[in-house]
Amino acid sequence: MKLNFRLVIFSLATIFGIVFSVPSLLQTEGGKKINLGLDLQGGLHMLLGVKSEEAIKSKVKSIATGINYFADKNDIFIEDLKIDGEEIHFLFLDSDDREGIERYLSKIEHTKFTISGESVSLEITPEGQEIIKQQALNQAVETIRNRLDQFGLAEPTVAKQGEDKILVELPGIKTQEEEQRARNLIAKSAQLYLMAVDESHQAQAGIMTNAQADNYGDLLLPDVIDENVKYLVRSIPILDGARLTNANVVFNEMQQPVITFKLDSLGAEVFGNFTGKNVGNRLAVVLDGKVFSAPVINERIGGGSGQISGNFQLQEAQDLAIALRSGALLAPVYIMEKRSIGPSLGADSIQSATVALVSGFILVIIFMILYYGRAGIVSNIALITNLFLILAVMSLFGATLTLPGMAGIVLTVGMAVDANVIINERIRELLYAGKSVSKSISEGYERATTAILDANITTLIAAVVLYAYGNGPIKGFAITISIGILASMLTAILGTRGIYESIANSVAKRGSGFFGLPKGEKK
Amino acid sequence: MELFRVTNRYSFMSKSKLFLSISLTLMILSIALLFTKGLNFGIDFAGGTLVQVKYSEEAPISQIREALSDNELFNGASITEFGSPDEVIIKIKKASGELQKDIGDVVREELKGTGDYQIRRVDMVGAKVGGELREQGLTSLALVMISILIYVSLRFEWRFALASIFALVHDVTIALGAIVLFQVEVNLDTLAALLTILGYSLNDTIIVFDRIREGLVKFKDITLSHIIDESVSRTLSRTTLTSLTTFFVVLTLFLFGGEIIYGFSFTLLVGVVVGTYSSIFIASPTLIWFKFSVDGYRRILAEKDKREKEKERMRAMYERGVM
């Protein structure tokens, strides 16, 4: 054995490959490991769309709520406060209030308003709408992330994708039921409103149409338990969930789970004022368009806390509290793409891909020895190092291994020997041409190198495009095949040559027989 | 062991017309299939929902069909065995955006009473995402072709690039023909396999082209078709060998890799065979088609050589301080 710089580099690469692939192969405690893609470990992948128009609607609603409270607090009489699409209209009775109203309205962001006589209309500007849509998307990402963090699953991914999409990835979801629960948690808009029941017309709520309710400036909302029970509530809410600071599950006197919530100081003030002025009337607690309860106000409620009850299961109440705490979704989300894979299917995929890998590997190893004899063994050493290198590099970068990625490794086994084949064929050719063994080896490597580079670069081009355009699993394929190609160039061009040089004497002694050719035919 | 002795020279060019006509026939047939039968797009590109259900024993397909029939969501659903008799795939053309209760949940409820089962996979692709994926897929195919065109033009000559692109179009067309013929579903992984074929087949072609390039420099008074015969023969053993090892592993993937990557391994299997064939018999003869001129290329090489030498001379003069 003679040391040479190629052999040293190759040995270092082999050691590097083995050392860094050990944590992934043996699943040790520490060390950097390859991540399994969702298609191999099971889990849920979703691409969510955001209905951002809805965010504008709820923004309009909250502006109206603000106007209502402003007028109430400053004893300004306003009438017919109505929401019409993206516009708010109302009348004020005393023209002395005009200046105060103007001052208040001009402070509201992203809006413009006109006052003609006593009628005021206010709308959200087009730029404002864009900003609100963007905010809704960012807020949705934040909110969903918060909720999933509290849900207690390992490593959820929530990220903005493109202009209007959200990527959600949840590894470790085991069952369909669990998945549905997670989806429910994401989907809950958790829009909490405290609304005044319209006591003067509530008696007719059962026979009223939505259009009639609208005429009164009211909304007709169903009861959460019995859809047929309807409540008629003022359409401008008293408060919304934005003023909420905390929400928790407690048990009431009947040992049923209920949710208590706490309002911030402004919320508490609004709540106190309203309840003070409306003793004897009912207050509806509305969540996501359904009335959870509508208790009669007995006295002014200070302190700013309230309760939501509604025949909850404990888990349901807990999820709802999470949703309330993490804030409302300003805009509802919907599924654009979903891929959900059970852990058992992932395990099956790993198994079948491994069987393919091992059998493919053995076939190639045997074939190379049959065809090239001792030179085949040298190529096989390079091939084995190659496999370790793929695993090591993937582990170091924390890359994700997917099913197509495993297929990529299998394919690499077939293609990685290519560089060796090119070299070996060149050497055989030179041997036939009557060159000496050592001359054949050095010339063979030189001539083969450009061909190897040119050929592999084209495959790399395809892999890079795949990475840029592919989805998760396909990206995994692009990664393994790229690393495989790069590693095969290193192991073939440097590695095997280093080995030949170090055992040059024995190679020379065996002559062309070393390369699987009949011995006598040196010429 | 030797499959083809490297010193043998086989006469490919004398039969190039035959091979070209075989290839053109196959390509025309494939295109005809593409236009008549058409590609069978899976949910990745067409949108829709796929639910994979595994039973603890043989899946009661007729019972499943009946259980789903009362829900109009499943009108026109296809219910087929998947890989083993225990497993079925339920596929519908619709996708629902509903988060709280999606089609997977509906299937789970509807199937109650059909036995002991487990839902293992629910894939749902909305029409919009499907359209986007289709667009991206076509872009990526085009992008790979263009990048390869540029790379080969830079490294060789533009007619080499055209010839290799012709070979690639040949491979992809015939692979697509096979995909239609065997009604293989076209999904993202099938596309990945097609792109891999592009890279793989080109790999083989370039090894041959590299030899031709070398031959053009080395042999001064030989015709192009002679050089091609020489180069293809010299690389024949390598081309077959690498194709064989790749074929082996793709075959193991095809046999043992499982149903999920069936489309992927099938496409690769066809691609490896067609790609090898085109690298040996098609890519090089088309150089002559495209009127590649040996003398022209040699002139360019000589030109290049002269410029280099001139540059060197100038540099030498400059270093000596003459200029």
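Reader: Which word, buried or exposed, describes B:Asp105 and A:Arg183?

Author: In this predicted model, local features need pLDDT of at least 70, side-chain atom pairs count only at pLDDT 80 or more, and totals for chains, interfaces and linings use all residues. Residues are numbered from 1 along each chain as its sequence is written, chains are lettered from A and ligands numbered from 1 in the order in which they are written, and side-chain values use heavy atoms, hydrogens and water being left out. A residue is buried under 20% relative accessible area, exposed over 50% and partly exposed in between (1.4 Å probe, protein chains only). B:Asp105 is buried, and A:Arg183 is likewise buried.

Reader: What N to O distance is found in the salt bridge of B:Asp105 and A:Arg183?

Author: A salt bridge requires a side-chain nitrogen of Lys or Arg within 4 Å of a carboxyl oxygen of Asp or Glu. For B:Asp105 and A:Arg183 the N to O distance is 2.8 Å.

Reader: Why does the pair of B:Asp105 and A:Arg183 join two chains?

Author: Helices (H or I, at least four residues) and strands (E, at least two) are DSSP runs numbered from the N terminus. B:Asp105 belongs to helix H4 of chain B, whereas A:Arg183 belongs to helix H6 (residues 176-187) of chain A, so the pair joins two chains.

Reader: Which residues of chain B take part in the network of salt bridges with A:Arg183?

Author: From chain A, the network holds A:Glu177, A:Glu179, A:Arg183 and A:Lys338.

Reader: What is the relative accessible area of A:Asp454?

Author: A:Asp454 forms a salt bridge with B:Arg213, with the closest N and O atoms 3.1 Å apart. The pair crosses between chains, from helix H13 (residues 437-469) of chain A to helix H7 (residues 188-218) of chain B. B:Arg213 is buried at 16%. A:Asp454 is also buried, its relative accessible area being 1%.

Reader: How many residues apart are B:Lys91 and B:Glu185?

Author: The side chains of B:Lys91 and B:Glu185 form a salt bridge of 2.2 Å, N to O. The pair links distant parts of the chain, with B:Lys91 in strand E4 (residues 84-92) and B:Glu185 in strand E6 (residues 185-186) of chain B, at a separation of 94 residues.

Reader: How many salt bridges does a search of the whole structure find?

Author: The pair of B:Lys91 and B:Glu185 meets in one such bridge. Over all chains, the number of salt bridges found is 48.

Reader: In which loop of chain B does B:Asp116 lie?

Author: B:Asp116 forms a negative surface patch with B:Glu57, B:Glu58, B:Glu81 and B:Glu259. B:Asp116 is exposed, with a relative accessible area of 53%. Its loop in chain B lies between helix H4 (103-110) and strand E5 (117-125).

Reader: What is the value of phi for A:Asp288?

Author: Most residues other than glycine have a negative phi. A:Asp288 is found in the loop between strand E15 (283-287) and strand E16 (290-293) of chain A, and at 30% relative accessibility A:Asp288 counts as partly exposed. Its phi is positive, near 50 degrees.

Reader: What distance separates the centres of domain 1 and domain 2 of chain A?

Author: Chain A is divided into domain 1 (5-42 + 343-515), domain 2 (54-128) and domain 3 (130-339), with bounds from an automatic or database domain assignment. Taken over C-alpha atoms, the centres of domain 1 and domain 2 of chain A are separated by 70 Å.

Note on methods: Patches are made of residues with over 30% relative accessible area and no salt bridge: like charges are joined within 9 Å, nonpolar side chains (Val, Leu, Ile, Met, Phe, Trp, Tyr) within 5 Å. Accessible areas come from the Shrake-Rupley method with a 1.4 Å probe; for residues, only the protein chains shown count as cover. Lys and Arg count as positive and Asp and Glu as negative; His and the chain ends are not counted. The place of a charge is taken as NZ of Lys, CZ of Arg, CG of Asp or CD of Glu.
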